[in-house]
Amino acid sequence: MAESPMRLLPAVTLENQHFWTGGAQGELRFLCCALCKHLIHPPAPVCPECLSRKLEVATVSGRGTVHTYTVNHQPWYPGMATPFVIAVVELVEQPGLRLTTNLVNCPIEQVKIGMPVRVVFENHDPVWIPLFEPAL
Amino acid sequence: MEVLERRAAITGLGQSEVGRRLGRDPLALTIDACLEAVNDAGLTRADIDGLSTYPGGMVPGAPGFSGAGIVDVQDALRLNLNWYCGGVEFPGQLGAVINACMAVATGLANHVLCFRTVWESTAQGGGPRAGIGAGGGGSFRASGPMQWTLPFGAASAANWIAMMAQRHFHEYGTTREQLAWIALNARRNAAHNPKAIYREPLSLEQYLSARIISTPFVLYDCDVPVDGSTAFVVSRRERARDLRSPLVGVESVGCALYGRPSWDQFDDLTTMALRDAAKMLWSRSDLRPGDVDVAELYDGFSFIALCWLEALGFCGKGEGGPFIDGGARIARDGEIPLNTQGGQLSAGRLHGFGFLHEAVVQLRGEGGEHQVPGTPEVAIAAAGGGPLGGCLLLTRG
């Protein structure tokens with residue numbers, strides 16, 4: 001089993017650096033409304049709930065559940081090792097706050113919707129890619 | 001409230017040669033389709049005063065995704081345009097036709113030529129389908145919405161839609177054996193369409209043992225890239241009375257977007273943005289799903305067609321699996337004939353426009369071997385998946 005695909009890395013910008021570099025401190029970070037505390041993802045210049053423009057960066061627990069997943073078998077790029085698990089993880093802090101990610105440290109046949117997972121980071125300087133593994 | 005789109009009618013129909021790796025100039029394919037549509041309507045190019053297309057000529061995307069743009073066709077045919085619009089941020093590919101309906105309804109144009117050209121088969125050659133960002137080299141960096149999927153090898157809509165199908169399987173007990181019938185029905189219909197790409201029979205056993213792309217999708221759940229162009233003339237009804245071909249009226253359109261336009265943040269991952277477009281379509285008509293005689297629903301991936309069936313109310317939410325199981329209800333002689341030309345899965349990825357083409361063919365009774373029984377009066381054409389979706393309810397005459 002190939003745990004990780006070949007990674008195309010994100011371009012780090014002022015708007016997304018809290019997300020893509022938080023792993024250096026072992027932290028999963030989101031933009032957060034300073035007034036109503038709604039977590040905002042992807043980053044936006046305004047809170048979609050209360051329209052406040054006063055935003056801050058918040059660290060979440062890194063815990064979530066597998067909302068859905070797929071086992072990818074198709075090598076989309078030359079040299080891409082397959083199969084590997086792509087998942088959408090919903091974080092415990094807010095219903096609907098989800099990340100597309102990979103599940104690692106877990107045999108493919110044991111992946112289940114609803115399974116609890118926790119974040120782990122894979123470093124590709126300067127980026128830290130948030131992946132998820134089973135939480136016991 | 002006047003339903004403004006009822007001022008519009010589809011009066012002309014054209015389609016180029018369709019095939020794998022034709023090696024032809026995509027603008028030449030486009031002109032073939034466009035001139036056929038103008039001629040089919042009984043018009044000349046001097047009558048065409050509007051031009052509409054998806055996704056326009058200047059978009060990035062997979063090689064061959066955009067075949068020709070507004071300026072290419074305007075210049076090639078030296079059209080005198082009072083209105084034109086080409087772009088990609090539309091409610092699905094058929095958004096270009098919905099725009100045209102509005103242009104004729106509001107009087108900005110009398111006869112709008114609409115086209116969509118793909119040449120993905122020639123442009124992508126004989127190799128495997130490439131992921132987004134492929135060929136960018138080591139310096140490629142994902143930005144915009146793609147930054148949230150590409151770093152995880154989720155490089156294709158196949159992955160994103162597969163996860164929606166998996167969630168549907170989880171919540172409603174839908175199975176691969178059920179989903180298969182979108183593909184098997186399409187192939188069954190393609191056998192009667194001389195222009196379809198894959199016409200040989202496909203069995204459930206072949207489907208279940210096919211090469212896995214991204215679970216639960218196998219090869220037959222994914223559409224087939226082709227070269228080809230499809231064109232329509234959309235006319236203001238009062239200018240359409242004496243035209244050559246049987247009139248197809250626009251009863252209502254759906255172009256709504258209420259949920260988040262995102263592959264993973266949409267509120268309900270067992271469906272997609274098409275849910276909102278479908279809801280809007282019925283809100284603008286007194287017709288009901290039971291009135292529809294033929295449904296041509298986007299199947300870029302099999303699961304999208306299942307979502308359209310549910311969203312449009314041909315069955316209940318979550319009941320799509322049992323509804324299509326066995327393929328009788330969606331057969332050409334069934335309750336609601338689906339994708340009578342073979343869909344994009346078997347007839348080729350004409351990217352949305354093929355469904356509207358087939359809906360008009362059926363309402364005109366020109367389907368030949370793949371014509372549905374009886375005299376269909378009402379059809380639906382729907383296109384788009386994921387964050388895009390748009391649909392048209394059509395009537396004969």
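Which residue in strand 7 of chain B is the bridge partner of B:Cys114? In this predicted model, that partner is B:Phe232. Strand 4 (residues 111-119) and strand 7 (residues 227-236) of chain B are paired in the antiparallel sense, with 9 bridges between them.

Both strands belong to an open sheet of 9 strands in chain B, in which the pairing is mixed and the order is 3-2-4-7-1-8-11-10-9. The edges are formed by strand 3 (83-86) and strand 9 (294-297) of chain B; each has a single partner strand, so one side of each is left without a neighbour in the sheet. From one strand to the next, the twist averages 25°. Helix 12 of chain B (residues 353-364) lies across several strands of chain B, including strand 1 (8-15), strand 4, strand 7 and strand 8 (248-254).

The largest nonpolar core comprises 152 residues. Among the residues with the most contacts inside this core are B:Val97, B:Cys101, B:Leu113, B:Val234 and B:Trp308, together with B:Ala381 and B:Leu392. Helix 3 of chain B (residues 95-105) supplies the largest share of the core, namely 9 residues. When residues up to four places away in sequence are not counted, B:Leu392 touches B:Leu94, B:Val97, B:Ile98, B:Val250, B:Val253, B:Leu356 and B:Ala381. A second, separate core has 9 residues, including A:Phe19, A:Phe30, A:Leu31 and A:Cys32. In soluble globular proteins, nonpolar side chains tend to be buried together.

Conventions:
Residues are numbered from 1 along each chain as its sequence is written. Chains are lettered from A and ligands numbered from 1 in the order in which they are written. This is a predicted model: local features need pLDDT of at least 70, side-chain atom pairs count only at pLDDT 80 or more; totals for chains, interfaces and linings use all residues. A nonpolar core is a set of buried Ala, Val, Leu, Ile, Met, Phe, Trp, Tyr and Cys residues joined through C-beta atoms within 7 Å. A residue is buried if 20 or more other C-beta atoms lie within 10 Å of its own, exposed if 12 or fewer, and partly exposed in between; C-beta atoms are placed from the backbone. Helices (H or I, at least four residues) and strands (E, at least two) are DSSP runs, numbered from the N terminus. Two residues are in contact if their C-beta atoms, placed from the backbone, lie within 7 Å. Two strands pair if DSSP finds at least two bridges between them. Axes are lines fitted to C-alpha atoms, for helices over the stretch in contact, and angles run from 0 to 180 degrees between N-to-C directions.
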